[in-house]
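Me: Could you take a close look at one part of this model for me? I'd like to go through the charged side chains.

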Amino acid sequence: MKFIIANWKMHIPNVKTWKQKPSFGKNIRAVIAPPFPFIGEVKKNVSWAELGAQDVFSKDPVGGGSFTGEVSASMLRSLGVSYIIIGHSEKRKYSKETDEIINKKVLLSLKKGFKVVLCIGEPLTIRAKGILAVENFLKNQLKVDLGKVAVRFQNNIYIAYEPIWAIGSGKTDSPKDILEVSDIIEKFLSRKKIGKIKFLYGGSVDENNVEKILKSEKIDGALIGSSSVEAKEFKKILSVVSRL
Ligand code: PGA
């Protein structure tokens with residue numbers, strides 16, 4: 001099974017162009033994560049994909065609360081969202097989201113029954129120092145982001161490895177390096193007693209490189225930004241993955 005998740009970021013979608021169901025195999029789960037205001041429209045128009053959100057607030061008091069500008073897990077549930085992207089590097093950068101905040105969001109979302117797509121990834125300065133530096137950086141993120149997560153949630157955890165230098169840059173990590181990171185994370189999480197989670201890659205995935213990135217059965221899917229904004233392009237990706 002491959003999970004192909006569209007992260008529309010803050011782009012304004014033309015939802016009508018997404019209506020028609022593309023043909024893709026049973027080996028694929030397609031997920032669309034629109035900006036909050038478009039979630040309802042996507043739910044109404046796009047029957048062939050599951051719904052994701054790009055963020056969630058770290059608290060969810062019954063009946064709501066005084067948190068201007070925030071969106072709670074319960075609100076997302078009422079819209080039919082089942083996946084929540086947490087800890088994207090753009091949220092870490094522009095909203096100054098810390099690993100501690102990310103951990104709160106992860107714990108809350110798992111408890112509420114969502115599938116959590118937790119984004120981690122190193123900047124170029126770390127990558128330039130070699131794989132050991134990358135390993136330390138990612139482990140430090142995971143240690144906090146997944147702190148106190150109980151093993152019973154492992155089926156709902158999707159780690160999206162997104163090297164920051166690969167996001168929106170047209171440069172993807174090599175399949176060999178992605179597999180190396182997947183091994184590092186697998187070993188680390190088994191030592192932490194979280195065990196087997198799903199491992200996704202993100203960072204400049206498109207119709208031309210998706211095949212070689214997702215070929216290995218160790219890579220469970222992709223989180224796709226730029227190439228997921230236009231329906232036509234995203235559907236092409238689905239058709240390539242169908243043939244894997
Ligand atoms: P990209 O973005 O595909 O445009 O590199 C991926 C992401 O940020 O999730």
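How many salt bridges does a search of the whole structure find?

Reply: Quick note first: this is a predicted model, so local features need pLDDT of at least 70 and side-chain atom pairs count only at pLDDT 80 or more, while totals for chains, interfaces and linings use all residues. Residues are numbered from 1 along each chain as its sequence is written, and side-chain values use heavy atoms, with hydrogens and water left out.

The search turns up 14 salt bridges (a side-chain nitrogen of Lys or Arg within 4 Å of a carboxyl oxygen of Asp or Glu). Take Arg127 and Asp173, whose closest N and O atoms are 3.0 Å apart. That pair links distant parts of the chain, 46 residues apart: Arg127 is in helix α5 (residues 124-127), and Asp173 is in the loop between β6 and α7 (175-191). Helices here are DSSP runs of H or I with at least four residues, strands are E runs of at least two, and both are numbered from the N terminus. Arg127 is buried at 15% relative accessible area, and Asp173 is buried at 3% (buried is under 20%, exposed over 50%, partly exposed in between, with a 1.4 Å probe and protein chains only).

Lys139 and Glu135 come to 2.7 Å between their closest N and O atoms. They're four residues apart in helix α6 (residues 131-145), so about one helical turn separates them.

Then there's Lys236 with Glu207, at 3.9 Å. Lys236 lies in helix α9 (residues 231-242) and Glu207 in the loop between β7 and α8 (210-214), so this bridge ties together parts 29 residues apart in sequence. Lys236 is partly exposed at 39%, as is Glu207 at 28%.

Finally, Asp55, Lys91, Glu97 and Lys105 are joined in a salt-bridge network.
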